[in-house]
Number of protein chains: 2
Amino acid sequence: MAAIDNPYYSHEFHGDYDLVSIGRLDLEEGGSIPDCHLAVATFGTLSEAKDNAIFVSTWYSGTHQIFREQYIGEGHALDPSKYFIVIIDQIGNGLSTSPHNANGANAALSMSAFPKVRIGDDVVAQERLLREHFGIETLQLVTGGSMGAQQTYEWAVRFPDKVKRAAPIAGTAQNTDHDFLYVRVLMEAITSDPGFHGGEYTSNAEVQAGLERHARIWGVMGFSTEFWKQKVYTGLGFEDMDAFLAGFLQPYFTAMDPNDLLAMMWKWQRGDVARHTGGDLAAALGRITAKTFVLPIDEDMFFPIRDHVTEQAHIKGSELRVINDVLGHLGLFAVNPDYMPQIDAQLKELLDTPVS
Amino acid sequence: MAAIDNPYYSHEFHGDYDLVSIGRLDLEEGGSIPDCHLAVATFGTLSEAKDNAIFVSTWYSGTHQIFREQYIGEGHALDPSKYFIVIIDQIGNGLSTSPHNANGANAALSMSAFPKVRIGDDVVAQERLLREHFGIETLQLVTGGSMGAQQTYEWAVRFPDKVKRAAPIAGTAQNTDHDFLYVRVLMEAITSDPGFHGGEYTSNAEVQAGLERHARIWGVMGFSTEFWKQKVYTGLGFEDMDAFLAGFLQPYFTAMDPNDLLAMMWKWQRGDVARHTGGDLAAALGRITAKTFVLPIDEDMFFPIRDHVTEQAHIKGSELRVINDVLGHLGLFAVNPDYMPQIDAQLKELLDTPVS
């Protein structure tokens, strides 16, 4: 029995996926998850030589499902007729072990007792699962957006021998102070709701007001000023800004579990590959041997292009490839018809680039 | 006796100013302020011909004091040895008639009972005061930043014959949807605080948590991402982001009255000169006869340059003059030593431009 039975985190909304236990996961910040489960969705067939695997990680509030719906398929760069594509949901995202579903051996970690998990913990867990469950030792590509970009960088720095190519989209290797503050503001929208009760609510519905405020803050920063100016949402069938908020952004987030969102946000705030090199970001990025395309979105308000540029300069042989999307950061949802063709073109070129 | 005795709104923090009654002010949204008082600070001497007056309006949370400290003086474009400079504090800013100080004839408007006031009401009140109290019928320049830019546009559209020159800084004539949402998020940080009690708190200290959250949201949007990246605050004597928030941004806003801030925010959300022309923005801006310099700040995250560009195109003979400041919108505080020289250069050139 889940600590909280939230129907959003089910096959109904997230299609087929497996829950795979990787056993005990010791955490960077101390403590451990006694029986860490990761939700895994795969596409395509692993070759006998196990040399056609691609790994995709998930972003804040996201799961594997958006990749299934938008990023993966014949005609896309992430083509399951050619590659074995594995998506592992990040810890805390509500499908993998998370505050709201910690039960059984993890029951002591339920709700507000959930431990602090870092990007590095996710990547350690993902590497173990890929190796022990699938026998995968080499990845043709690691990619992901936003927090998925954080995980992509962590993979490329921590396991350089395993990552042939890397494509971080709209996210940085070292989280910025501005992003830390932005995420703090998002967290406070939730935790300030009296219904949050220090994380010991009995249903996410009790925190609805806070979750709605959190959604509206995403409305300010997640899309670009130009998205609102051009009323892009009318093309998505919404009459005005309020209809778009009420019909899309608010219900998207209010379905979710507050503690789960907070666990991901704490992790997001502290994404930083320089932990491996005593704070030296250039040295950490210098460890990357993967052929890397850095893919910012031009209208992103909190992962701006220039923050990607300064990091990309430290990655040997890397290239900056800017994605144009008036949606800004939430262009990642791939609702703009011009978005996926750009992503596909970049990932295809990257996958077609020979590497040693 | 004030409805709430908040020591921030006093001469101790705002220097010399006069409170001038303009009598009853009927409001655009209906209702009226029975005895509207406006706080007025003046600099310099009005010429006998009354032809050397400059009018400056105030921004959200601001008063005349920032202009006294940073913008006005010999060597500045706003030179009191040459011009008679009048600053009128906007209604709701805590010095002019505002929710927290509504008493006497205005007692029925106290706190949550304060009526909805629009930018147009301010400008009507300001014009009356300048005419009746000082006998001023012509302004050599109207200027202001942010909500002060909204008032500047309102002046230039509503009283084209009275405004010789206009210099809106970091603000638009028609508020955008994105800004509306941003302000909504700011408002909700305050109103969601249980201590707010629907506006019927007995001290702003009861709403401190909400005011602090509101301050941190300003931290996300008020400065640029690059401000945080470059740790510009260290030049202001703060060690890190938290010290800057705790030592500057939070105390700045927690001293203020929540209802006063909300009154200004409601007004900000609805700034729109197209009310005069049935929603036709181009037609409204086409009424402007003032020689106009439009002055966006390049790193502004919510009044971006391009929003100024689209409006400037409709103003006859106007010029776009971009101010460069890594501080972004809050560059208006003029703490960057490169800021005032740019503003002064633009305003001097504008004041030196002959007009009919």
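In which sense do strand 5 and strand 6 of chain A pair, and over how many bridges? Select residues 53-57 and 84-88 of chain A: these two strands pair in the parallel sense over five bridges. Strands here are DSSP runs of E of at least two residues, helices are runs of H or I of at least four, and both are numbered from the N terminus; two strands pair if DSSP finds at least two bridges between them.

This is a predicted model, in which local features need pLDDT of at least 70 and side-chain atom pairs count only at pLDDT 80 or more, while totals for chains, interfaces and linings use all residues. Residues are numbered from 1 along each chain as its sequence is written, chains are lettered from A and ligands numbered from 1 in the order in which they are written, and side-chain values use heavy atoms, with hydrogens and water left out.

**The sheet of chain A**

Within the strand pair already selected, A53(A) has F84(A) as its bridge partner in strand 6. Now extend the selection to the open sheet of eight strands, whose order is 1-4-6-5-7-8-9-10 with mixed pairing. Strand 1 (18-21) and strand 10 (319-320) of chain A stand at its edges with a single partner strand each, so one side of each has no neighbour in the sheet.

Next, select residues 339-352 of chain A. This is helix 12, which lies across strand 5, strand 7 (141-145), strand 8 (165-169) and strand 9 (291-294), and runs at about 160 degrees to strand 8 of chain A. Such angles run from 0 to 180 degrees between N-to-C directions, with axes fitted to C-alpha atoms, for helices over the stretch in contact; contact means heavy atoms within 4.5 Å.

**Helix 4 of chain A**

Move to residues 147-158 of chain A. The twelve residues of helix 4 should span 16 Å at 1.5 Å a residue, and the end C-alpha atoms are 16 Å apart, which agrees. The expected span is 1.5 Å times one less than the number of residues. Eleven of the twelve residues of this helix are buried, among them Y153(A) and W155(A). Buried means under 20% relative accessible area, exposed over 50%, and partly exposed in between, with a 1.4 Å probe and protein chains only.

**Aromatic rings and a charge**

Select F227(A) and W228(A), an edge-to-face aromatic pair at 5.0 Å centre to centre, with 85 degrees between the planes. Rings of Phe, Tyr and Trp (its six-membered ring) pair if their centres lie within 6.5 Å; planes under 30 degrees apart count as stacked, over 60 as edge-to-face and the rest as tilted. Both F227(A) and W228(A) are buried.

Then show R321(A), whose charged end sits over the ring of F293(A), 4.2 Å from its centre. The criterion is NZ of Lys or CZ of Arg within 6 Å of the ring centre and within 35 degrees of the ring normal.

**Chain B**

In chain B, select strand 5 (residues 53-57) and strand 6 (residues 84-88), which pair in the parallel sense over five bridges. There, I54(B) has I85(B) as its bridge partner.

The aromatic stop in this chain is F227(B) with W228(B), an edge-to-face pair. F227(B) counts as buried because its relative accessibility is 0%, and W228(B) counts as buried at 1%.

Finish at V124(B), in helix 3 (residues 119-134) of chain B. Its relative accessible area of 26% makes V124(B) partly exposed. Beyond its neighbours within four places in sequence, V124(B) is in contact with L25(B) and R158(B).
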